[in-house]
Structure formats: C-alpha cells, structure tokens
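This report covers the fold as a whole and a few of its details. Please look over the sequence and the model before reading on.

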Amino acid sequence: MNQQPNKISATTSGTIRDLPAGLAITGSVTAAQRFVLSVEALEFVAMLERLFGDRRRAQMEARQFAQRRLDEGELPDFRADTRPIREGDWQVAPVPELLQDRRVEITGPATRKMMINALNSGANVFMADLEDSLSPTWDNVLDAHTNLFDFARGKLAYNDPHTGKEYRLNDKIAVMMVRPRGLHLEENHFLVDGRPVSAALFDFGLHIFHNAKMMVGGRAGPYLYLPKLETREEARFWEAVLTYAERQVGLAPGTVKITVLIETLPAAFQMDEILYALRTRIVGLNCGRWDYIFSFIKRLKAKPEFALPDRGQLVMDKAFLRAYSLLLIKTCHRRGAHAMGGMAAQIPVKGDAVANEAAFDKVRADKEREANDGHDGTWVAHPALVPVALEVFDRLMPGPNQIADKPLADIEITRDDLLQVHEGTRSEAGLRENIRVGIQYIEAWLSGRGAVPLNNLMEDAATAEISRAQVWQWVVHGAALDDGRVITRELVITLVAEEMAALGETLGAERIAAGRFAEAEELFMEVATFGEFEEFLTIPAYRRLETVAHAQAAE
C-alpha cells in the first residue's frame, strides 16, 4: 500500500472536500494538519471501520448486557468457559529488546512541547496519550497525530512563541508508545457511510498507516497501550484489527506490540484470557488504578454493600486494590509478560520545599511497594518524578525486570479478595473534594485541556470519573457521612453552590466568567446526582464540545 501522503484539497475555510464516496470530514483542517488526513490514510481508516465497526458496536452492546446481569444480582467472577486458558501452560511471545527494561514510564498528552520534554526526561518509555489526558477537540486530535507524524520522521521540534525557547529532542530519548482512544468513543468529525468512525480505529489507523514502518528500529517501534478493555472478546477484536492492519501496511505478523491497561473490574477477572488472545504481540499489563476504582464503582453500582469510603482512603496496599495489583504481577510473570505499576500523579510543589519533599516521599513509598511486590516498572506524570522513581527501581530491581525473580506462585487471589471493600469513612471534606475536583476538571476538559494540575496533582479524566461516580453512588444508596447525615441530592446541591462560591473567590469573577464553569457545574450535577448512571463522563462532555464547536463554526 502506498504510504506517501496524497494531500486532500480544502476550501479557503479549511473544510476538507473531494473525498472518496462515503467519506466526509465535518471539521476544519489547518495546512499543518492536512498531511495526516491524506486520501490514502482516510481510506485506510474507513476500511477498518467498514470491516470492524459492527463488531466493535457488538462488543459495546455486550458490555451493557453484562452490566444488566450485574445490576440484577450477579457478582463478577472468573469465567468457567475459559478455565483451560487459565490453567494452561503457555507464554506470550518474546518481548523485544527495546521493551525489556521499562522501569519508569512517563505519560502525558500528545502535545508537542509535552512530548519533547517527556522523551528527554530520562524515562525508559514515554506513552503519548490520545485518551484520558487529551481533551478530544478536533484540533487537539489532529495536532496529536501531526506530532506523531513528525516524530516518526525525526522532525519533532517546538519553538515557544511566548518565551522564544526552542525545544529539540536529545540524542538519547525514551521509547515511544501511543495510547489511542477507547473502544467506547466515536470521532464525530470523520464520517464513514454517514456515521461517526470509531475513535479507537481512527487513532490507531492514522498512526499505523503513517508511522508504523517509519518507527521500526532505533528508539521506537509500533508500540501501543490499549485502554479500558473488559473481556477476552474485546482483546480478540483488537487482535483481528492488528493482524489485518499489519498485513495491509506491510509489517511482519506480530510487529505491533501491545500493553493492555487493566483498568476495568471485568478485565481483572480475565487477565489470562486477555494475554492469551494477544499472545503473539502482547508484552505486558498495566495497573490503571484510577480508572479501575471508577470501574469498580460503575460495575457494582446497584449494590449498596459496595459503597466506598472517601477517595483518599482507597490505598493500594489494602482490600481490592491490593488483590488486583498482586494478581496482575502473578499472572504476567507466569506468562512471561511485564507487570507495570500505576501512576504517580504528583507534580512539584512550587515555593514550598517541605510540601514538595512530602509529596516526593509519597511517591517513593508507592514505588517501593510496587518494586518490592514484583512490578517491572511504574508510571509518573511529570519529568521531575522520573529520577525519584528511577532511584527506587534501580535500588530494588537490579535487572531489567522481575519476571523470573518474583513469580508470586504461592499467592492465591480469590473472587472475594478482588471484591473486598476498603474500610473507612465518608466525610463532608471527601464529598466536597469530589465536587470541587470534578467540576474544575470538567471545566478544563470542556476548554480543551485534558491534563490538569489540581492540588499539586496532574489529573486526567479518571479522577473526574471517580469523583462523580462516588457522589452518584453515595446519593443513590443514601450513604451516611461520618457525622450521621445522609448524603442526598439536596445536600450535594447545597455543597456545589458553596464550592462554586469558594472557587469564585479563589479564581476571581473574571476567570469564572471567561471559563466554562456554569456548563461544568451543570454537567457534573447531571452525571453525579440523576438516577441513570452515565457509562462514561466523556461521552456527554464530548457532545457539549461538539455543540460549542458547531456554534463557533456558524458565527
């Protein structure tokens, strides 16, 4: 297949025209972005959608069917029909040399400056994110793909127009990995036969078509992180997509390497099955712990006995989070795959050395737990945390990984372990924090920013999902605060009003008026207090992005 971009013509307003039959671009495109939307690339994405779109939608329907069974009383469990896979003696394909040592991975949105800083940070791996830390405005998505396009061709550079500072890649950089959007999302700006394309297939298709062959060799490769998988069947869906795409772009089978984030409750019961379905290309699993907490609430939402305490009390060394982490290590090491630890979201505390060191101490303790347990690497969100995490793993993991050294064969994790609720309390302070963080993050996301510094943490969509899901869970089940008050919608309305007033005082009336806080407050109330649980916050939020974009285009 010809992979040289045949540029698409555009009107003076930047709207794409002259596309093949059945394809339509509904958003404007800049001259710099037009290369990633070549006719051949769009035809490749359309081919993926036509071949696999119905199958993807069937998987999303299967999620809803499984959810109804949980709502009707079932509990998650290990599958009886796949027991031979769990008990079988098999391993995944050998891990490439570039991915043998992944002790510290840094993640962040695929924005130009962020990518350069992350690749230069000293981390082993950088995951360029098109999912939870990237607000998916059409412009953001196309810029991300343009940045990946330039990186693959050795042209990634940035000149800051405000400071004049030049950003260039060092001679030695991190290994690049890319996270496309999840299977649940659609890209409304590219229509195939009159309906939006899968956002996952759009991101994957553009990246693989343009960059896969360019990234073979050196400090890169066609390496992906796959988010929010829930079942063996979803992993098999991806295997079919990957196998087909490799053949079409001229890659040897198994060239595209995959790490899967275990960030949903159903996936925790199917780790072996997911590894097996992708065994010719998968290199590891990752503890996506913040989304995992959200999924735990979501999938068990109908059961009041699973109402959780304050988010700050959901620590990794206790209850279901501890069990899930250990099971991931055991499962991966038995199969020859890497077991990656979770995110350290802390960022430097400017102007307060004591608070900064306290934050870094928390990171050290978390990474020491991970390394001692047997994780083969970990995540950080800020370049300043790279040396902190590296020191821990260099000290406690002298080899490139711990796959052979810590099999955890004597540890048994049961269904009850994976469903054990943390002991703790619910407080007004915890409820207020969920409200405050949730609204502030939604406002930033609606304004086009998906990675948001809040309270000295770099937050992405997972934090907002936990925040609104906890409030919903507490309201629906009438959970009690530690002072005896029942959490009601009326109480939430009162606290939201107080927190919005406090934000006005802190940020100033001008910032509030210029932002999208009223819209964020409205959306938070919709997804946190109404009876029907919204599967993903980002779906109604995306509709609001589209409404504003259409209104601006009409002006």
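## Helix packing and overall form

Helices α9 and α15 are roughly parallel to each other, because angles under 35 degrees count as roughly parallel. The model is predicted, so local features need pLDDT of at least 70 and side-chain atom pairs count only at pLDDT 80 or more, while totals for chains, interfaces and linings use all residues. Residues are numbered from 1 along each chain as its sequence is written, and side-chain values use heavy atoms, with hydrogens and water left out.

Two packed helices are described by the angle between their axes and the distance between the axes. Axes are lines fitted to C-alpha atoms, for helices over the stretch in contact, and angles run from 0 to 180 degrees between N-to-C directions. The table gives these values for two pairs.

| Helix pair | Angle | Axis distance |
|---|---|---|
| α9 (residues 289-299) and α15 (residues 461-476) | about 25° | 8 Å |
| α1 (residues 39-71) and α6 (residues 232-249) | roughly 175° | within 10 Å |

The second pair, α1 and α6, is roughly antiparallel (angles over 145 degrees). Residues of α1 in this contact (heavy atoms within 4.5 Å) include F44, M47, L48 and R63, and those of α6 include E233, F237, Y244 and V249. By class, the contact of α1 with α6 holds 12 nonpolar, 2 polar and 6 charged residues. Here Ala, Val, Leu, Ile, Met, Phe, Trp, Tyr, Cys and Pro count as nonpolar, Asp, Glu, Lys and Arg as charged, and the others, Gly among them, as polar.

Between α9 and α15, W290, D291, I293, F294 and I297 of α9 meet A462, E465, I466, R468, A469, Q470 and Q473 of α15. These residues divide into 7 nonpolar, 2 polar and 3 charged.

The protein has 19 helices and 15 strands, taken as DSSP runs numbered from the N terminus (helices H or I, at least four residues; strands E, at least two). Its radius of gyration is 23 Å, close to the 24 Å that the globule rule gives for 555 residues, so the protein is as compact as a globular protein of that length. The radius is taken over C-alpha atoms, and the rule is 2.2 Å times the number of residues to the power 0.38. Of the 555 residues, 60% count as buried (under 20% relative accessible area, 1.4 Å probe, protein chains only).

A21 lies in the segment before β1 (23-25). A21 is exposed, with a relative accessible area of 72% (exposed means over 50%). A21 and D193 are 172 residues apart in sequence, with their C-alpha atoms 8.2 Å apart.

How values were computed
Angles under 35 degrees count as roughly parallel, over 145 as roughly antiparallel, 65 to 115 as roughly perpendicular and the rest as oblique.
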